[in-house]
Amino acid sequence: MPSKLVVVTGASSGIGKATARRFGQAGAHVVLMARNAERLEQAAHAVRDEGGRATVMPTDLQDREGTLKAAGRIADEIGTPDLLVNNAGIGRWRPLEETSPEDAAAMMRVPYLAAFDLTHAFVPAMVERGSGGIAFITSPAAYLAWPNASAYIAARRAVTGFAESLQGELKPLGLFVTIVALGSVETPYWENNPGSRENVPKTDPRLIPTLTPEEAADAIFEGTERKSRFTVKPPLYRALFLMNALFPNTVARQLRRAAKKARNSRA
């Protein structure tokens, strides 16, 4: 049975917007959180046009006080979520010398600290109710490392470490935590973070295709409905994660070559 009340962060475009639509199609009441109120309302209309129920909650997740106030409003005015989807994330894939300390701090704020704040805000009521779930949307950067994306990779690993710890902490309390690792997805992210695409390791698209936002949303929906611990799409990344655990030096060499190939192909 689909979750009844679903909070989705980063819901104004891309993966978040598609995820809100997917849960709306399944009959959920979706609360959409993002900074841009106009685009957020457009995303909510898309949910409603397909028969779903949507509430917008414009929130700058870089602002901790504003994030906590928004969480309080959701709890007071709508209720305790059945599912929190921590999807929002920012950050450019850039070499260290092109990444300022301020950039690194912003990347740690969103996704990691924003996800922490919202999870911390909603979990007590979920525990009291005895049900609920949290989904953390991350990337292969949480399990693999390559050149020229160090701050981004660090932030994604922070999210994943937090989520993995919560899996053991919250399961005895009746809650589930799903980690969804998604490969490259064709979204406005690349336009909003110029210079990042050049630092994506070049892979064979026949083996690791670029996902659509809808494919990403389906993976999130299916993973959380099954209450899976770990969902990966495209599936080949599972094999890469395992290879990295067993043969880290070999995988590191291949990733360096793939990253270099990507930069050379766009030079």
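The following dialogue examines how selected terms apply to this predicted model.

Mentor: In this predicted model, local features need pLDDT of at least 70 and side-chain atom pairs pLDDT 80 or more, while totals for chains, interfaces and linings use all residues. Residues are numbered from 1 along each chain as its sequence is written, and side-chain values use heavy atoms, leaving out hydrogens and water.

Trainee: Why is Thr59 called buried?

Mentor: Buried means under 20% relative accessible area, exposed over 50%, and partly exposed in between, with a 1.4 Å probe and protein chains only. Thr59 has a relative accessible area of 5%, so Thr59 is buried. Its place is in the loop between S3 and helix H3 (64–77).

Trainee: What does Thr59 touch, not counting residues up to four places away in sequence?

Mentor: Contact means heavy atoms within 4.5 Å. By that criterion Thr59 touches Met33, Ala34, Arg35, Gly66, Thr67 and Ala70.

Trainee: What makes the pair of Trp93 and Tyr152 tilted?

Mentor: Rings of Phe, Tyr and Trp (its six-membered ring) pair if their centres lie within 6.5 Å; planes under 30 degrees apart count as stacked, over 60 as edge-to-face and the rest as tilted. The centres of Trp93 and Tyr152 are 4.8 Å apart and the planes stand at 35°, so the pair is tilted. Trp93 lies in the loop between S4 and helix H4 (101–129) and Tyr152 in helix H5, 59 residues apart. Both Trp93 and Tyr152 are buried.

Trainee: How many aromatic pairs does a search of the whole structure find?

Mentor: The search finds 11.

Trainee: Which residues have the most contacts inside the largest nonpolar core?

Mentor: A nonpolar core is a set of buried Ala, Val, Leu, Ile, Met, Phe, Trp, Tyr and Cys residues joined through side-chain atoms within 4.5 Å. The largest has 47 residues, and those with the most contacts inside it are Met33, Ile134, Phe136 and Trp146. Helix H5 (residues 150–170) gives the most to this core, with nine residues.

How values were computed. Helix = DSSP H or I, 4+ residues; strand = E, 2+ residues; numbered from the N terminus.
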